[in-house]
Amino acid sequence: VQLQAFGGGLVQAGGSLRLSCAASKDIDMKNYGMGWFRQAPGKEREFVAQISRTGGTTSYSDSVKGRFSIARDNAKNTMYLQMINLKPDDTAAYYCAQKGVRSALLPGTRVSDYAYWGQGTLVTVSS
C-alpha cells in the first residue's frame, strides 16, 4: 500500500488549501477508514480528522473543527482535506493514513490506529 499526500504550500493567515491523498491501485480504499494527522517541528504527530470507509461519518480535532473538512472519493481512491481560515498554528507537515483492517467504524484518533502512512505534505501559514 502506498499513500501519497500532496497539495501543501505557503499561504497567508485566513487563506485556504486543499490537500489530497491518493492511494495506490493495489488497495481498494473503499474498504478502509482513513485519517489526517499533522506534525509541527519539535512536536508530536497529532490527529486532525478521520473519515469512515463510506464517507458517511467524520470527526475532527477541536483545533480544526469548523475550519477543516475531510472527504473522500472512493471511485478515485482519493481522500481530501479542505482547509479554510488557516492560522499560523496550522503550520505543519500533514500526513494521510489508512486503517489496516476493514471496518465500517471510524478508524481512530491515535497514530497507532493506522497501519499505512503517506509521506507528508508541508503546509506553512504566514501571519
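This is a predicted model: local features need pLDDT of at least 70, side-chain atom pairs count only at pLDDT 80 or more; totals for chains, interfaces and linings use all residues.

**Entry 1, overall fold.** I counted elements and got zero helices and eleven strands. Reading from the N terminus on, the order is β-β-β-β-β-β-β-β-β-β-β. I then checked the radius of gyration: it is 13 Å, close to the 14 Å that the globule rule gives for 127 residues, so the protein is as compact as a globular protein of that length. Along the principal axes, the C-alpha atoms fill a box of roughly 40 × 25 × 25 Å.

I looked up burial next, and 46% of the 127 residues count as buried. For contacts, I took pairs at least 6 apart in sequence; 59% of those contacts join residues at least 24 apart. The accessible surface comes to about 6500 Å², and carbon and sulfur atoms hold 47% of it. On charges, I found 15 positive and 9 negative side chains, with the centres of the two sets 5 Å apart.

Which residues does the disulfide join? I found Cys21 linked to Cys96, with S to S at 2.2 Å. The structure holds one disulfide. Cys21 sits in strand 3 (residues 17-23) and Cys96 in strand 9, so the pair ties together parts that are 75 residues apart in sequence. I read 65° about the S-S bond, and the link is right-handed. Burial was quick to settle: the cut-off is under 20% relative accessible area. Cys21 has 0% relative accessibility, so Cys21 counts as buried. Cys96 also comes out at 0%, and so Cys96 is buried.

I stayed in strand 9 (residues 92-98), where Gln98 has its place. Is Gln98 buried or exposed? Gln98 counts as buried because its relative accessibility is 0%.

For contrast I picked a loop residue. Glu44 lies between strand 4 (34-39) and strand 5 (46-51). Exposed takes over 50% relative accessible area; Glu44 has 71%, so Glu44 counts as exposed. Leaving aside neighbours within four places in sequence, I found Glu44 in contact with Arg38 and Gln39. I also took one C-alpha distance: Glu44 and Gly15, 29 residues apart along the chain, are separated by 25 Å.

Most residues other than glycine have a negative phi. Asn77 has a phi near 55°, a positive value in a residue other than glycine. Asn77 is in the loop between strand 7 (68-73) and strand 8 (78-83). Its relative accessibility is 11%, so Asn77 counts as buried. Asn85 has a positive phi near 50°, and its place is in the loop between strand 8 and strand 9. How accessible is Asn85? I read a relative accessible area of 42%, so Asn85 is partly exposed.

Definitions and conventions. Residues are numbered from 1 along each chain as its sequence is written. Side-chain values use heavy atoms; hydrogens and water are left out. Helices (H or I, at least four residues) and strands (E, at least two) are DSSP runs, numbered from the N terminus. The radius of gyration is taken over C-alpha atoms; the globule rule is 2.2 Å times the number of residues to the power 0.38. Buried means under 20% relative accessible area, exposed over 50%, partly exposed in between (1.4 Å probe, protein chains only). Contact means heavy atoms within 4.5 Å. Accessible areas come from the Shrake-Rupley method with a 1.4 Å probe; for residues, only the protein chains shown count as cover. Lys and Arg count as positive and Asp and Glu as negative; His and the chain ends are not counted. The place of a charge is taken as NZ of Lys, CZ of Arg, CG of Asp or CD of Glu. A disulfide is a pair of cysteine sulfur atoms within 2.5 Å.
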